[in-house]
Amino acid sequence: MLKGLAWIDRMVGTVLKPVVFAGMAGLTAVITLQIVSRLFFTSVSWTEEVARFLLIWITFIGATLAWQQGRHIAVTLLRDNLPPMLRRITSGVAILVAIVFLLTLTRIGWQYMNMQSFQKSPSLRLKMTYVYAVMPAAALVMAGLSAIDLIRLIAGLPLREAHVEMDETLEHDLAPEDRT
């Protein structure tokens, strides 16, 4: 089971990296088109809207990728100076708090997305549901990743260090054969 969870964790990163890259490339292209069209031609009306929507999506998807890689800011001074058992308990409580927050964000994001479902964007006439759908989706994925971290912690495996991407070596370290 732990190997399967580690695989899911790794696949989240594998899927999100090219999505964030494509979003950034798209954002760069749209903003470049906007600048060039304003300088030489008539402004292209939809570029500002697309840039805004891409920025929203990149923010939430990038935050999810950063969560998966342990790159969000964390002050661990107190936790790191605790005895091992108390450190594990503190880490577990912190993960539970994060899960509760992320599930609450999922619920609020879902409500907000549905509340905006009747509205359409001015230029593209795109349903705003599609723009705001990234908020509950990203929060739900981050809650799932946190649940995987909590399961690892309960299983007695070491916590993933900050700034570490899940790769096959780490997967092997976190889910040794004799524990699965």
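**A friendly note on helix α4 and its surroundings**

1. The buried residues of α4 pack against α2 (46-68), α3 (77-80), α5 (128-132) and α6 (134-154). Here buried means under 20% relative accessible area, exposed over 50%, and partly exposed in between (1.4 Å probe, protein chains only). Among those buried residues are Ser-91, Gly-92, Ile-95, Leu-102 and Met-113.

2. A word on the source: this is a predicted model, where local features need pLDDT of at least 70 and side-chain atom pairs count only at pLDDT 80 or more, while totals for chains, interfaces and linings use all residues. Residues are numbered from 1 along each chain as its sequence is written, and side-chain values use heavy atoms, with hydrogens and water left out.

3. How far apart are the end C-alpha atoms of helix α4 (residues 84-115)? They are 46 Å apart, which agrees with the 46 Å that its 32 residues should span. The expected span is 1.5 Å times one less than the number of residues. Helices are DSSP runs (H or I, at least four residues), numbered from the N terminus.

4. Next, the rings. Rings of Phe, Tyr and Trp (its six-membered ring) pair if their centres lie within 6.5 Å; planes under 30 degrees apart count as stacked, over 60 as edge-to-face and the rest as tilted. The count comes to two aromatic pairs. One of them joins Tyr-112 and Tyr-132 edge-to-face, at 4.9 Å centre to centre and 75° between the planes. This pair links helix α4 to helix α5, 20 residues apart. Tyr-112 is partly exposed, at 30% relative accessible area.

Key:
Helices (H or I, at least four residues) and strands (E, at least two) are DSSP runs, numbered from the N terminus. Contact means heavy atoms within 4.5 Å.
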